[in-house]
Amino acid sequence: MAEAQTLTAVDTSVPARLPAPGLGGRFAPFTQFTRQPAVQRALPAIATSAAIGIAALAYFMTTSAPQAQLFAGLEDSDKAAVADALQTAGIGHSIDPATGALTVDADKLHQARITLAGQGLPKAAPNGDSLIAALPMGSSRAIEGEALRSAREADLSRTIETIDAVKSARVHVAAAEPSLFVREDKPATASVMLTLQNGRALSDGQVQAIRFLVASSVPGMNADQVSVIDQRGALLSDGASNADMKSFQLQTQIEDRFRRALDTLLGPMLGAGNYTVEVHADVDMSESQATRESFPENDRALTSEQITRSTSGQNAPAVGIPGALSNQPPQATTVTATAPTPVAPAPATESQSNENSSRAFEVGREISVTHNPQGRLRRVSVAVALNQGKKALTQADMTKIDSLVKGAVGYDAARGDLIAISQRPVRQVEDASPAFYDQGWFMPLAQQVGAILAAILAFFFIGRPMIRAAKERAAKRTEQNQALEQSLLAATDARPALGQGNSGREITLEMIEAAPSYEARANLVRAFVRQDSARAALVVRQLMQEGARG
């Protein structure tokens with residue numbers, strides 16, 4: 001009897017410890033839910049999933065989505081209008097504090113552009129056609145000239161902006177009024193203002209191309225009258241002229257050709273990194289042409305000769321053309337006497353002959369033309385530094401290398417070429433590259449590693465304690481349930497022996513509802529049926545009726 005009463009007292013005290021202390025009635029449903037066996041078994045998986053979720057949340061919070069620039073070269077007013085439109089449309093955007101560029105998420109770039117295009121944003125600068133079409137009727141000649149000039153400037157600006165390195169461009173053309181006097185006519189000039197992309201630069205060839213583009217688009221303008229500057233105020237058109245650029249490029253090509261020839265020759269012999277080659281070529285870019293005409297002293301030739309013979313007298317033979325009057329013999333000579341003078345006897349008549357000759361000589365003449373084209377190589381200087389290494393090269397080896405170098409560059413002593421070869425121990429040059437934490441890959445890697453560390457810390461400091469606590473609570477509840485089941489079974493087995501008049505506490509519905517497990521509840525139900533079968537049948541019938549009524 002005393003043992004049965006003691007067991008009954010234990011059964012009475014156990015249900016009083018079932019509610020969790022400190023949680024209050026507000027958290028009682030949650031407490032009952034967490035005490036269910038299925039929930040207890042799922043707590044480790046829930047804790048692991050929570051740790052993974054916390055790690056994923058930390059990763060997405062530390063890793064920002066890739067950004068893309070929305071539009072390049074926007075004015076501040078256009079940026080304000082575009083930012084308001086994006087905020088109204090619910091599209092996130094950001095402004096780079098360094099460059100002021102307006103960026104959005106890369107996956108929303110096209111959506112943002114389509115949304116802005118529907119609202120007419122951004123407001124682009126007018127082109128030349130729109131400026132000409134906007135001319136009012138009856139405009140004066142001066143207004144028409146300014147409108148045409150503005151249209152030309154706008155079209156040139158838009159054309160220059162198509163270059164990859166150019167972010168925006170402005171062109172200003174200054175043309176003087178045409179004058180009737182040629183001396184007072186001034187050529188047109190132009191100024192080009194370029195805003196380059198970040199980290200980009202224009203080569204001298206590109207600057208010259210822009211100058212020729214502007215000069216070819218304006219009548220009467222020369223490329224020398226076009227000035228080009230960038231956003232930093234640097235005068236880009238003050239570089240080398242076209243002739244200087246051509247000379248420099250030719251010199252660079254010759255030096256590169258010699259350098260490649262030496263690398264091909266010395267590389268297999270000495271190995272990569274064991275030598276250094278520097279070549280300087282002195283190129284004569286002057287072009288000259290000379291014409292020389294000389295007359296040799298003893299150099300002449302007979303080109304033509306003409307001989308004429310004539311004979312005079314009585315017995316002169318008949319000459320001339322037969323049948324003509326010129327073929328008649330001359331008449332006899334008659335002397336008219338004015339006074340009686342003694343006449344001497346006439347001498348005998350004799351014939352006379354004359355011979356005339358004409359010769360033409362050509363004097364010798366020599367004409368020589370000498371033309372010296374551009375790009376004549378005047379001198380070549382080659383310097384070769386050899387790595388001495390562990391064993392220095394002998395003088396014979398140095399002589400062989402010197403001969404090879406001279407043969408590779410076409411050494412000419414009369415031209416004044418210079419070949420210098422030296423061997424010295426080569427010191428390792430420290431890498432001047434930026435530190436690893438300044439590299440572009442460092443920050444994304446640090447963010448990913450930080451997210452992984454956050455996930456591991458969350459698992460060890462949040463997940464594992466939760467799993468350990470859940471296991472401890474489950475083990476404690478299991479021990480309590482086992483003790484309660486043993487007490488209830490002992491009380492149920494001892495109740496028939498106690499009799500109806502004993503002071504043992506009867507099993508109530510509250511005790512059945514407060515049972516911690518299914519087995520304990522089933523044992524209490526069996527004991528309740530054995531205790532009062534009629535009342536149990538009444539309870540079952542009442543439950544069935546309530547279920548039928550819905």
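A charge is taken to sit over a ring if NZ of Lys or CZ of Arg is within 6 Å of the ring centre and within 35 degrees of the ring normal. In this predicted model, Lys-406 meets that description: Lys-406 lies over the face of Tyr-411, at 4.7 Å from the ring centre. A pair of aromatic rings is described by the distance of the centres and the angle of the planes. The count of aromatic pairs came to 0.

Confidence was examined along the chain. The mean pLDDT is 76, and 75% of the residues reach 70 or more. Two stretches stay under 50. One of them covers residues 1–24. The model has 19 contacts beyond four places in sequence for residues 1–24. Residues 495–504 also stay under 50. For residues 495–504, the contacts beyond four places in sequence number 11. Where pLDDT is low, the predicted coordinates should not be read in detail.

Helix packing was examined next. Helix 4 spans residues 76–89, and helix 5 spans residues 109–118. Their axes come within 10 Å and cross at roughly 110°. Angles of 65 to 115 degrees count as roughly perpendicular, so helix 4 is roughly perpendicular to helix 5. Helix 4 contributes Val-82, Ala-85, Leu-86 and Ala-89 to the contact. Helix 5 contributes Ala-112, Thr-115 and Leu-116. By class, this contact of helix 4 with helix 5 has 6 nonpolar residues, 1 polar residue and no charged residues.

Another helix pair involves helix 13 (residues 518–531) and helix 14 (residues 533–549). These helices pack at an angle of about 120°. Their axes are 5 Å apart. This angle makes helix 13 oblique to helix 14. On helix 13, the contact is made by Phe-528, Val-529 and Gln-531. On helix 14, the partners are Ser-533, Arg-535 and Ala-536. The contact of helix 13 with helix 14 has 3 nonpolar, 2 polar and 1 charged residues.

A strand residue was examined as well. Ile-367 is placed in strand 11, which covers residues 366–372. Along the chain, Ile-367 and Arg-292 are 75 residues apart. Their C-alpha atoms are separated by 5.4 Å. Leaving aside residues up to four places away in sequence, Ile-367 touches Thr-291, Arg-292 and Glu-293.

Terms used. Residues numbered from 1 in each chain as written. Predicted model: local features only at pLDDT ≥ 70, side-chain atom pairs only at ≥ 80, totals over all residues. Heavy atoms only, no water. Phe/Tyr/Trp six-rings, centres within 6.5 Å; stacked < 30°, edge-to-face > 60°. Axes fitted to C-alpha atoms, helices over the stretch in contact; angles between N-to-C directions. Helix = DSSP H or I, 4+ residues; strand = E, 2+ residues; numbered from the N terminus. Parallel < 35°, antiparallel > 145°, perpendicular 65-115°, else oblique. Contact = heavy atoms within 4.5 Å. Nonpolar A, V, L, I, M, F, W, Y, C, P; charged D, E, K, R; others polar. pLDDT = per-residue confidence, 0-100.
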